[in-house]
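Me: I am new to this structure. Please walk me through how to read it.

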Amino acid sequence: MSAVPVSWYLVLSAVLFGLGVIAFVFKRNVITIFMSIELMLNAVNLAFVAFARAHNGLDGLVFVFFVIVVAAAEAAVGLGIIILLARNRESLNVERVNLLKF
Amino acid sequence: MSIPFILFFACALLAVIGAVLLIAAREPIHSALALILVMVSLAVLYLLLGAEFIAAVQIIVYAGAIMVLFVFVIMLLNMGVEERTDFSKLAKFAGLPLGFFLLLWMAHWLAHSPAGKVVGTGGPAPAGAFPTVELSKQLFRPYLLPFEATSILILIAILGAMVLARKEE
């Protein structure tokens, strides 16, 4: 029984990251844009675990742990900002948030 | 085709389908559910790679805590479907092809990176490739300072979220 090559995981990670970038650019809802950031973080985590498996070291897993912790903190603050935004603009469309736009 | 291969392809397919659904869905709640699908299938892939602890944390923290927070905010705000704006010409003719190019280029580069090649011939992943005991030793010895720093970070994040979301008197 042979194992799945690590490069396949890396390809999957790249595809998921690319889809996250596309979602980030094309979605118009602030919450969905925020979710696409989480998707990109997940893709990077998969690459970290795959590389940890490749090098047989644990440092990659520690980095994944820290990424998850920072993502949790980011979600708390980001959703607070989104609630504030929705309260002030009464919309979640990013095109309405144009006060600083030149 | 052995079981790891079948499992890998099933979960990879589910993850990609979830990511595409996230882009295609117009209701934010559908996007959130698609993202949960991606996260759960990634947890299975972590198990396949032998990282049990990360798989458990992925389910508990990501699919559990963070996505519940997202779903909660979507329900709380209840803003309805996303308004579609027509894309600018620049986005349509330059953005979309460039996005796909980035995706394919990264996939190609990663598939041919030396790291991937080295391990492509590695042995089968044992069930306990990354024992949790070793991971915690790593976390509490060389990485103790960053670990403690994250606790302060989370404290600041909680305080910040409370200050932001509080109603002004």
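Predicted model: local features only at pLDDT ≥ 70, side-chain atom pairs only at ≥ 80, totals over all residues.

Me: Now chain A. How many helices and strands does the secondary structure of chain A have?

Reply: Chain A has three helices and zero strands. Read from the N terminus, the order of its elements is α-α-α.

Me: What is the radius of gyration of chain A, and what would a compact globule of 102 residues have?

Reply: Chain A has 17 Å. A compact globule of 102 residues would be near 13 Å. Look at the box too: along the principal axes, the C-alpha atoms of chain A fill roughly 55 × 25 × 25 Å.

Me: How do I read a pair of packed helices?

Reply: Two packed helices are described by the angle between their axes and by the distance between those axes. Start with helix 1 (residues 6-26) and helix 2 (residues 30-55) of chain A: they pack at about 165°, with axes 8 Å apart. That angle makes helix 1 of chain A roughly antiparallel to helix 2 of chain A. Their crossing is left-handed. The residues of this contact divide into 20 nonpolar, four polar and one charged.

Me: At what angle do helix 2 and helix 3 of chain A cross?

Reply: They cross at roughly 175°, and their axes come within 10 Å. Helix 2 and helix 3 of chain A are therefore roughly antiparallel to each other. Residues of helix 2 of chain A in this contact include A:Phe34, A:Leu41 and A:Phe48. Among those of helix 3 of chain A are A:Phe63, A:Val67 and A:Ile82. By class, the contact has 16 nonpolar, three polar and one charged residues.

Me: Which residues make the contact of helix 2 of chain A with helix 3 of chain B?

Reply: Helix 2 of chain A brings A:Ile31, A:Met35, A:Glu38 and A:Val49. Helix 3 of chain B brings B:Ile54, B:Ile66, B:Phe70, B:Val73 and B:Ile74. These residues divide into eight nonpolar, no polar and one charged.

Me: How many residues does the whole contact take from chain A and from chain B?

Reply: Chain A gives 63 residues and chain B gives 75 residues. On chain A, the elements giving two or more residues are helix 1, helix 2 and helix 3 (59-89). Helix 3 of chain A supplies the largest share, 20 residues. By class, the side of chain A that touches chain B has 49 nonpolar, ten polar and four charged residues.

Definitions and conventions
Residues numbered from 1 in each chain as written. Chains lettered and ligands numbered in written order. Axes fitted to C-alpha atoms, helices over the stretch in contact; angles between N-to-C directions. Helix = DSSP H or I, 4+ residues; strand = E, 2+ residues; numbered from the N terminus. Parallel < 35°, antiparallel > 145°, perpendicular 65-115°, else oblique. Left-handed = near helix turned anticlockwise from the far one by under 90°. Nonpolar A, V, L, I, M, F, W, Y, C, P; charged D, E, K, R; others polar. Contact = placed C-beta atoms within 7 Å. Rg over C-alpha atoms; globule rule 2.2 N^0.38 Å.
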